[in-house]
Amino acid sequence: MYQYDEFDHAHVRQRTEQFRGQVARRLSGELSEDEFRPLRLMNGVYLQLHAYMLRVAIPYGTLSAVQMRKLAHIARVYDKGYGHFTTRQNIQYNWPKLEELPDILGELAEVEMHAIQTSGNCIRNVTADQYAGAAADEIEDPRIWAEIIRQWSSLHPEFSFLPRKFKIAITGSPTDRAAVKVHDIGLRMHLNAAGDPGFEVLVGGGLGRTPMIAKTCRAWVSKHDLLAYLEAILRVYNLHGRRDNKYKARIKILVHELGIDEFRREVDEEFEHLRDGALVLPVEEVARIEKHFAPHPFETLPVKSDVLLSYRSVNFDFARWYAVNTFPHKADGYRIVNISLKPEGGVPGDATADQMDAIADIADRYSFSEICVAHEQNLVLAHVKQDDLFTLWQKLVELELATPNIRQITDIISCPGLDFCTLANARSIPVAQRISQRFSDLKRQWNVGDITLNISGCINACGHHHVGNIGILGVDRKGEEYYQITLGGRADENAQVGKIIGPAFPYDDVVDAIETVVETYLDARTEGETFLETYDRVGQEPFKEKLYATA
Amino acid sequence: MTLQAITANRLGDGLSVFLAEDGSWSTDFAQSRVVEDGEAASLEDAGEAAVAANHIVGPYLIDVEAVEGGYRATKYRERIRIDGPSRETRPGDHKHGDHKPGANRAA
């Protein structure tokens, strides 16, 4: 993985020391809260419902075991012994003290981490496919370009005060696991007619109060041109994006209002000024970054592991975990392992300090010391030998990290909701916990099969409810928590926004309503049909009938 | 007549606090000074003074109602603020009222 050079190190250290001074001046009263707020937000520090919150950037979700241990250490020493992994592949701490935040940032800097650009109207952490560098269907490791984009966008003077925040996601596979179509810019690597890898550049996707699926701005952009093309898009947005109305300030609104053709024309015009200029990276610089993402020294192994086969045949629990939580790897004899952070009744995305330490140890032993955060709020050990899977699974079982539920109904994406967030209108986490308990029977979950369920506690949609096969949105109705259900959303390469099924349900009834949706699907499905396939075939009516028949 | 209390976040550690009867800012809502809304200005004055003294951030009034044995916030948002996250707790996690950051720090 990428390692800081002298510029990265100097920059992060300077920022930490600068922030130390700012915090001291805030505590002494030299800076008022109004003066301090933008400074703390530039360093990822929010003030939430109960306490400060620190959001730490995990570039494209990739962590070393050393970094994971540091995250555990911070959770244990400065917080309450746990952290929360987010849909932006970051980690949030819910209880840091302002007085200690400079020390926390200092600790992070020791392991090449920081919280810069995790807030504010700038280019945020670039997110990527959690199977990057490992997926069997991958063309190239997208993190090479994610890292290049990270460097280009870090402290970019022109793009530090955009009309609104800006999120870029990238995938190197035809299967989109990074939800690129619901980002301000989505990059999808593919080969052109000549067989050269480049990027489809999608623009104007996003969730929030106006959900939109990104449109193709250019079907194929070469690596050579990528930064110039991105800069052209950002320039057009920076110039024309609305600054008068926060709710209309994202690039999706600009693309929608101009129309993609006019937007593209303006980008192309800008691109002509920029191409082949300063943003063309020297070949040796690209090679330097590529080296950091060179494939691990995989052993030459047979495609099938006899050890694995024998354990799968004798241990049903292991066999199910293998089938549900692991994924094909590009190297023979290896497998991608998903660590579910969705135990029965648990808080989606939470991990304790002890779990983080243990995962770091496991990564050292079994997966080249590398861990990736998935935007679904799980963790990935991307490079595990098939021969090691049974031993690894046993360790995960002990740690309560082996719930076999990836892409099952209890693999819920959930924002922190009103339990932590000042913006929320309703709670998300307890709803997720109750659904997780209701569907705790694993056989029942597996019978339901492939499905995504996402929950947001307000219209800002941090929980991606619009693109869950089942989406739940918490709203405040005259001082009561209500939950609106949407069906048919998806976040993959065929991304679409779900449709509201009908009137919202009160807190006490929402879990029953979800169960009704699932039972309706089970009644209506034909052999082998997923939830989404059934929904697409039968439409909303059967679900509406069941949900509102007795109401 | 509505009853009101006043809450804020403590500057140094960010924890939510409530103006207490004795004039201090306490993490324990049960100590809260509760007034009728006609007298809310006195709470706001105390809030402003504590902001000026660098003790708290963002004070605001909350509506409360009398219940058996004391008061509770009218809005569920403020009840969560008072009681801490409503999710089930897990090892190492405590309601914020007895939150002691650093207590488990190695010597």
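**Ground rules.** I am working with a predicted model, where local features need pLDDT of at least 70, side-chain atom pairs count only at pLDDT 80 or more, and totals for chains, interfaces and linings use all residues. Residues are numbered from 1 along each chain as its sequence is written, chains are lettered from A and ligands numbered from 1 in the order in which they are written, and side-chain values use heavy atoms, with hydrogens and water left out.

**Chain B, layout.** I read along the sequence of chain B and noted the pattern β-β-β-β-α-β-β-α. That comes to two helices and six strands.

**Chain B, strands.** Which way do β1(B) and β5(B) run? I found them antiparallel, with seven bridges joining β1 (residues 3–10) to β5 (residues 56–67). Two strands count as paired if DSSP finds at least two bridges between them. Arg10(B) stands opposite Ile56(B) in β5(B).

I then followed β5(B) to β6(B) (residues 70–73). These two also run antiparallel, through four bridges. Here Val67(B) stands opposite Gly70(B). The hairpin has two residues between the strands, and Gly69(B) takes a positive phi near 85 degrees. A reminder to myself: in a regular strand the side chains alternate between the two faces of the sheet.

**Chain B, burial and surface.** I looked up burial (buried means under 20% relative accessible area, exposed over 50%, partly exposed in between; 1.4 Å probe, protein chains only). Of the 107 residues of chain B, 44% are buried. The accessible surface (Shrake-Rupley method, 1.4 Å probe) is about 5300 Å², and 48% of that belongs to carbon and sulfur atoms.

**Chain A, layout.** I listed 18 helices and 21 strands in chain A. Why is chain A called as compact as a globular protein of its length? Its radius of gyration is 23 Å, close to the 24 Å that the globule rule gives for 551 residues, so it is as compact as a globular protein of that length. The radius is taken over C-alpha atoms, and the rule is 2.2 Å times the number of residues to the power 0.38. Along the principal axes, the C-alpha atoms fill a box of roughly 60 × 60 × 55 Å.

**Chain A, burial and contacts.** Buried residues make up 62% of the 551. I also checked contacts (heavy atoms within 4.5 Å). Among those with a separation of 6 or more, 68% are between residues 24 or more positions apart.
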